[in-house]
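Here are some notes for a colleague opening this entry for the first time. Please read them with the structure in view.

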Amino acid sequence: MSIELNQQECCEHYGAQYQPVEQAQLVTISKGIYEGVTPVEGVRYPSPEHMSGWWLTTDEYNGNIDSLVTVHFQHIIEKRPELALYMALPFGYRFNLGGETEHVWFDQEVANESI
């Protein structure tokens with residue numbers, strides 16, 4: 001199945017509008033994302049067009065924003081396809097994935113943040 005179809009089904013499951021990320025848009029990640037570390041927390045902030053709005057962190061994130069890096073969404077598809085599934089959820093959505101748990105929800109405060 002294609003990533004787009006999986007994303008559409010994910011959005012439908014959560015009753016959310018489908019807002020896909022372009023492969024060239026940037027995603028902000030912490031250490032541990034490429035390495036396959038779990039749990040992972042994701043949050044999608046309203047962002048300029050070149051950014052997807054997604055911030056993905058693991059427990060290896062130390063709170064220092066300077067330790068975060070931006071990567072193209074294409075690299076998330078390649079390295080962590082299980083995370084790419086959630087990335088068509090619109091601004092304001094969050095997810096926590098770890099082991100066998102999955103928690104996805106809408107956060108109005110995040111959705112209301114300005115660019």
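1. Start with helix H1 and what lies over it. Cover for the buried residues of H1 includes helix H2 (73-79) and helix H3 (81-84). Keep in mind that this is a predicted model.

2. Which residues of H1 are buried? Helix H1 runs over residues 3-13, and its buried residues are Gln 7, Cys 10 and Cys 11. They sit on the same side of H1, because they cover an arc of only 95 degrees around the axis. An α-helix has 3.6 residues a turn, so residues three or four places apart point the same way. On the other side of H1, Glu 12 and His 13 are exposed.

3. Look next at what follows the helix. Gly 15 comes after H1, and its phi is positive, near 65 degrees. Most residues other than glycine have a negative phi.

4. Now the whole chain. It holds four helices and six strands. Their order along the sequence is α-β-β-β-β-α-α-β-β-α. The radius of gyration is 13 Å, close to the 13 Å that the globule rule gives for 115 residues, so the chain is as compact as a globular protein of that length. The C-alpha trace spans about 35 × 30 × 25 Å along its principal axes.

5. Burial and contacts come next. Of the 115 residues, 42% are buried. Take the contacts between residues at least 6 apart in sequence: 67% of them join residues at least 24 apart.

6. Then the surface and the charges. The chain exposes about 6500 Å², and carbon and sulfur atoms supply 49% of that area. There are 5 positive and 17 negative side chains. The centres of these two sets lie 6 Å apart.

7. The bond from Thr 38 to Pro 39 is cis, with omega near 0 degrees. Most peptide bonds are trans. Where is Pro 39 found? Pro 39 belongs to the loop between strand S1 (26-29) and strand S2 (40-44).

8. Ser 52 is part of strand S3, residues 51-58. Is Ser 52 buried or exposed? Its relative accessible area is 0%, so Ser 52 is buried. Beyond its neighbours within four places in sequence, Ser 52 is in contact with Val 21, Gln 25, Leu 26, Val 27, Arg 44 and Phe 91.

9. Arg 94 is ten residues from Val 104 in sequence, and their C-alpha atoms are 5.7 Å apart in space.

10. Finish with the segment after helix H4 (108-111), where Asn 112 has its place. Asn 112 has 55% relative accessibility, so this residue counts as exposed. How far apart in sequence and in space are Asn 112 and Pro 46? They are 66 residues apart in sequence and 8.0 Å apart in space, C-alpha to C-alpha.

Technical notes: Residues numbered from 1 in each chain as written. Predicted model: local features only at pLDDT ≥ 70, side-chain atom pairs only at ≥ 80, totals over all residues. Heavy atoms only, no water. Helix = DSSP H or I, 4+ residues; strand = E, 2+ residues; numbered from the N terminus. Rg over C-alpha atoms; globule rule 2.2 N^0.38 Å. Buried < 20%, exposed > 50% of the residue type's maximum accessible area, 1.4 Å probe, protein only. Contact = heavy atoms within 4.5 Å. Areas by Shrake-Rupley, 256 points an atom, 1.4 Å probe, with all protein chains shown as cover. Lys, Arg positive; Asp, Glu negative; His and termini not counted. Charge placed at Lys NZ, Arg CZ, Asp CG, Glu CD. Arc of directions from axis to C-beta.
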